[in-house]
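Good morning, colleagues. Please look at the sequence and the structure first.

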Amino acid sequence: MKLKEFEEEVRNLFDADLVERAKNLKKSGNIFNPIFYIYFTRLVELSAIINGVVLPNRYELEELFRTRKDFLQIDYGTIGETLRRAWLFERDRGVEFTFSNSVEDLLYILYRMGKLQGKLDRIILKYAEWEKDKLAELYFTILLILLELEDKINREIKQEKS
């Protein structure tokens, strides 16, 4: 397995603009954390693989991805409706939510989320070896990259405050 190449391709998905906007969301107190969202979705997929819910073959993995995409579409609709209701609530109450200051970053990240997840799916399929342990290794690598990215964002925010 070419784990170093895999790791490099995954890291390249998270460009400076996406990272900066994720940082802006966090600084503004926005409840949505795109790094955690990706982390959690891939953690669920890894759990399905480890626990034998999904067999380590191309068909089952693609079905898992398709299911996640369906839920992402539902999430988009729910997030959009939540933003609309929050806006109405703010208007009626006359007080703005702090997350409203970062709605532009949130919408940008939501727009990028589907494409980013799709690219990540393709990278996984490109490097996948159809053994449970080898597939799990790819997922653990993704999770570690996301933890490092989240840590980097947190350190930068802390440094900016100093």
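Let me start with a question: is Arg 66 buried, partly exposed or exposed? The model is a predicted one, and in it Arg 66 has a relative accessibility of 41%, so it counts as partly exposed. Its side chain meets that of Glu 63 in a salt bridge, with 2.6 Å from N to O. Both residues belong to helix H4, where a spacing of 3 residues puts about one helical turn between them. Glu 63 is likewise partly exposed, at 29%.

A second pair sits in helix H1, residues 3-12, where Arg 11 and Glu 7 are 4 residues apart, again about one turn. The closest N and O atoms of this salt bridge are 2.8 Å apart. Arg 11 counts as partly exposed, at 32% relative accessibility.

I turn now to a contact between helices. Glu 160 and Lys 27 form a salt bridge of 2.9 Å, N to O. Because Glu 160 lies in helix H6 (residues 132-161) and Lys 27 in helix H2 (residues 16-27), this pair ties together parts 133 residues apart in sequence. Glu 160 is partly exposed, at 44%, and Lys 27 is partly exposed too, at 43%.

In the structure as a whole, the search finds 22 salt bridges.

Finally, the surface. A patch of positive charge gathers Lys 69, Lys 115, Lys 119 and Arg 122. Helix H5, residues 103-127, gives the most to this patch, with 3 residues. Lys 69, by contrast, lies in helix H4, residues 58-93, and is partly exposed at 42%. Thank you for your attention.

Definitions and conventions
Residues numbered from 1 in each chain as written. Predicted model: local features only at pLDDT ≥ 70, side-chain atom pairs only at ≥ 80, totals over all residues. Heavy atoms only, no water. Patch = residues over 30% accessible without salt bridge, like charges linked within 9 Å, V, L, I, M, F, W, Y side chains within 5 Å. Areas by Shrake-Rupley, 256 points an atom, 1.4 Å probe, with all protein chains shown as cover. Salt bridge = Lys/Arg side-chain N within 4 Å of Asp/Glu carboxyl O. Lys, Arg positive; Asp, Glu negative; His and termini not counted. Charge placed at Lys NZ, Arg CZ, Asp CG, Glu CD. Helix = DSSP H or I, 4+ residues; strand = E, 2+ residues; numbered from the N terminus. Buried < 20%, exposed > 50% of the residue type's maximum accessible area, 1.4 Å probe, protein only.
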